[in-house]
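Subject: Handover of a structure and of the findings

Dear colleague,

Please find the structure below, together with its sequence. I would ask you to keep it open while reading the notes that follow.

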Amino acid sequence: MSWLGDVWEGFSTVLVGMNITWRHLFVKKVTLHYPEEKWQLPPRSRMRLFMKYEDCIGCG
Amino acid sequence: MDAAAIHARLKDRFGDKLVAFQAEGLQPWAVVAPDAIAEVAAFAKSDPALAFDNLMCLSAVDYPKEDPPRMEIVYHLFSYEHRHTFVLKVHLPREAAHLPTVERTWPVANWHEREAFDLFGIVFDGHSDLRRILLPDDWIGHPLRKDWVDPDFYNGMHVKPTEQMAERAMAGEKIGVGPFDVTPPNRHVEE
Amino acid sequence: MDLVFKLLPEAVPYWLRVGLAGAVCAVVLITLMALGPIAYVYVETKLAGFMQDRIGPKRVGPHGLLQTVADALKLMFKEAIYPAGADKMLFILAPCLVVIGAFLSFVVLPFGSHLQTVDLNVGLFYVIAVSSISTVGLIMAGWASNNKYALFGAMRSAAQIVSYEIPAVMVVLTVVTLVGSLSLQDIVRGQQGGLPHWFLFRYFPLMPVAFLIFFTAGLAECNRTPFDIPEAESELVAGFHTEYSGFFFAMFFLAEYTEMFVVSVVASVLFLGGWWAPVPVLQEIPLGDISIGLGPLWLVAKAWFLVFVMMWLRWTLPRLRVDQLMYVAWKVLLPIAMVLVVAVGGLVLWRPTANGFPWDRWVGWPLTSVLFAYLAYMIVAAQRWSRRRAREMAA
Amino acid sequence: MATDLQGGYGWRVDELDTDEMILNMGPQHPSTHGVLRIELRTDGEIVRAARPHIGYLHRCFEKHAESVDYPGVIPYTDRMDYVASMGNSLGYALAVEKLMGIEVSPYVQTIRVIMAELQRIASHCIAVGTYGMDIGAFTPFLHLLRDREKILDLFEWTCGARLLYNYNWVGGVSHDVPEGFVKACRQFLREFDAITYPEMIDLLIKNKIFIKRTAAIGVCSPELAVSYDLTGPNLRGSGPPRDLRRDEPYLGYENYEFDVVVGEGKFGPRGSCFDRNWVRALEMKESAKILHQAVDRLEKMERADVHEKVPKRVKPAKGEIYGRSEAPRGQLGYYIVADGTGVNPYRVKVKSPCFTAMSIFHVLAKGMMIADIIALIGSLDVVLGEIDR
């Protein structure tokens, strides 16, 4: 009977997974439409490199 | 067991094979003679009172300025059963350093020893597969030694701008291929 | 084909009429087949995106509608690279064979009561036989590529398709027992009379299981997750088409999606009533003395629903291993299929008129209604869940 | 156990059977988690022996570390395990602090705990997600990546970087947490507890196919794991409940309540790929538990100067230390030798958990199928940046 149990478990977990992916069809998407919307970079962000030429001592 | 007790137990068993012991410091260590390390390791693992079943780390350190200059292999041991740690060290001559392997005792030492061989040139006698591990197989030399000098060439390629290249660049020749222009930046300054 | 044949004037010589009719059908089918995947790929990318909380393609055309067109064009204009040491002849022949294999099944698919190229009396047999041709193509591709991964993929696909043919054919037998004919058109006609007369709802616990088995085996035959081991991208890079690029790669793609559609159509013909509407009223739109038949639309809708389920499964499930795949085929699907064949055969012998079997009236309709009610509930529940979740997160 | 140290790979080409072939997996293979190359000797689909080749990502960390000063090593440590940078720099900072005898304030400790646990969740998100992807399920990966993104947002908000933070300094952290960090952290935890975690369990871990694919393969006994120095989730998957946060607490971990998850062998022998992955999945929950407590504590604390204990010049006295900490992938050890004369470390050796995890690979891989090789690499959760350093 473990065979039947296995088959049933395989089938039912597939259904559980399908239910989750199905629900996600209706969830609000997290995509950021980049060039149209931009997120506000936090003030400490180091995303953009910059250099002040006057202050640069050319150490490296 | 604390470090002194561990050392005493090892000293009992191996006598003058344990060359030195430092009890002070953050992590006390004992120095083992190179030829005895395999036996010491096997004992440290099999002895029920010590039961060092885990080799946490195997490192090599180069001390060229010490007197006499030496290499050190450092074994950081840990016992899952007793939850105590200990440090074994082996002092080796800098040239043609070799010592027995401990991979039969702690299989994890296999890769650690390969790494020490790769980067320091220390030969582990009896190691099952002593090849380079991190560096390419055709690399020459052992870069983590303190007397290591960067080579100018690797497989016929310049790996750093040589003086001849600098001269050619000064003469206005474009060196390098494509976007990888290795023209020294100071050329413009001197002009 | 008969339709086109009859439209041509009598004066045209017979062989020319046959030839012309065939050509017209071929052109129509090839167009259908080539354009279909463009739609499926778009749907699949969008669906994958939605299931993963993102939106999928959106740049090319409105809502990314032209994305697949652009992809197809790109693939067509890309250079086809022949790997060194490849058997060039086989290398080119392989994708052609795969596409031909997928395409040939179209010939007998009944899209409507008369919309069928040829109504072969061994139609079902033909579909099953022809769909195996693509295996030869896959093995060819794997061998010709001179790549170990491709070879692995080819070997796996051979083993897989050969094994999954058997349970598929077994459960097809149950349908054939009910109808007593191998012609697809006859099979569809045998399901006349709305939902509960579809073979899916006959002999309540038996035929739904048969459908599931057929669908599973179909999934395996078109190499879709969870049975996509021939191309398992995390194991075999891309399996048999590792070395393919440009248009040849596009052909494999085309064949895969076409095969998905073919399997879905066959499944809906066998179990979901083919071109019959779920409720007889919806079969055609009466417009005075003529009426517009909706049969093809119903069939395509059913097939697309199954294609959707295939995609849904693909983005839900992990992949099986080779030995587990064989386990599923030989130790799960095949025994059940055999039991089904015997049981259905016995029932048919016991009560020869399948439609008169009392279970259908008492179980078929309630079951169908429950099923559809549950589907509707699922949609509502999912929407409610997502709204509640959004509200909770905002708090 | 120790007799066949090469796992059957001590062969020569002329000894190769006619029905065996050599399959090179990597370094460009899609699921070797970076640039790992594995040489497989296969008999059909069965792997007779495997030999990993590493070093494709070697960036001379240890050599670099000798030529920069102590705080200058921290950015390099970030680049070792690029999936869990916080853990790396934390381990290094702790080791140097121990060497110099610096004790940081409870405020900084709490911040460090929060960051370390957030990083653990983020790292395990990648580990479990890519593991699902290796097995063939793509969707859980993106669901988990979505939540990792939220953690990265928190990090970016705090220290300005999303991947390589340079956050844990010797004697402190680079920035105090911003205003409203606690609230944002709670928001993340709520989403994680309510949605991502249960969905991950249902969609991936409890899936029958996933269980079948992972449950009985790559079985590693506790003794084997210890002798090969597996640590972290890899070791706990085999059974020993060894967690440095519990056994040798640092950063005040003894004040937090959490369970040490160990593999249970529910669906097969204990220590299988499933158990290792299972431990990772459940550890995310435990990390969330710690985070809840730490965030509560942080809220009640007075804000303090996070640079208070940062020394002007990091110059430890002559000495050496082997400092360990529980990084997301296991015990990360730094062996630091200070010669007492310069501001540069004399020697920094890293014992990375992935390095030892990879060294057991050839033992576990023997006799598997090719598909299982992928599952095994994924379950060991190696990051090549840390193996090659």
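D:Cys60 counts as partly exposed because it has 17 C-beta neighbours inside 10 Å; a residue is buried if 20 or more other C-beta atoms lie within 10 Å of its own, exposed if 12 or fewer, and partly exposed in between, with C-beta atoms placed from the backbone. This is a predicted model, in which local features need pLDDT of at least 70 and side-chain atom pairs count only at pLDDT 80 or more, while totals for chains, interfaces and linings use all residues. Residues are numbered from 1 along each chain as its sequence is written, and chains are lettered from A and ligands numbered from 1 in the order in which they are written.

D:Cys60 lies in the loop between strand S3 (46-53) and H1 of chain D. Helices (H or I, at least four residues) and strands (E, at least two) are DSSP runs, numbered from the N terminus. The phi of D:Cys60 is near 55°, a positive value in a residue other than glycine. Most residues other than glycine have a negative phi.

A second residue of this kind is B:Arg83, with phi near 60°, again a positive value in a residue other than glycine. It belongs to the loop between S4 and S5 of chain B. Is B:Arg83 buried or exposed? B:Arg83 is exposed, because 11 other C-beta atoms lie within 10 Å.

The sheet of chain B

Five strands of chain B form an open sheet with mixed pairing, in the order S1-S2-S5-S4-S3. Two strands pair if DSSP finds at least two bridges between them. Strand S1 (18-22) and strand S3 (54-63) of chain B are the edge strands, each pairing on one side only. From one strand to the next, the twist averages 20°.

S1(B) and S2(B) run antiparallel and are joined by four bridges; here B:Phe21 stands opposite B:Ala30 in S2(B). The hairpin of these two strands has six residues between them, and in it B:Gly25 takes a positive phi near 90°. Strand S2 (residues 29-32) of chain B is also joined by four bridges to strand S5 (residues 85-93) of chain B, and these two run parallel. B:Trp29 stands opposite B:Val87 in S5(B).

Helix H3 (residues 109-120) of chain B lies across S3 and strand S4 (70-78) of chain B, running at about 10° to S3(B). Axes are lines fitted to C-alpha atoms, for helices over the stretch in contact, and angles run from 0 to 180 degrees between N-to-C directions.

Contacts between chains

Which chains share the most contacts? Of the four pairs of chains in contact, these are chains B and D; two residues are in contact if their C-beta atoms, placed from the backbone, lie within 7 Å. Chain D gives 28 residues to this contact and chain B gives 27 residues. Among the elements of chain D that give two or more residues to its side are helix H1 (61-65) and strand S7 (330-338).

No contact joins chain A and chain B, whose closest C-alpha atoms lie 11 Å apart. For chain B and chain C, also without a contact, the closest C-alpha atoms lie 24 Å apart.

A loop residue of chain C

C:Asp119 is placed in the loop between helix H4 (88-104) and helix H5 (123-130) of chain C. Leaving aside neighbours within four places in sequence, C:Asp119 is in contact with C:Ser183 and C:Gln185.

Yours sincerely
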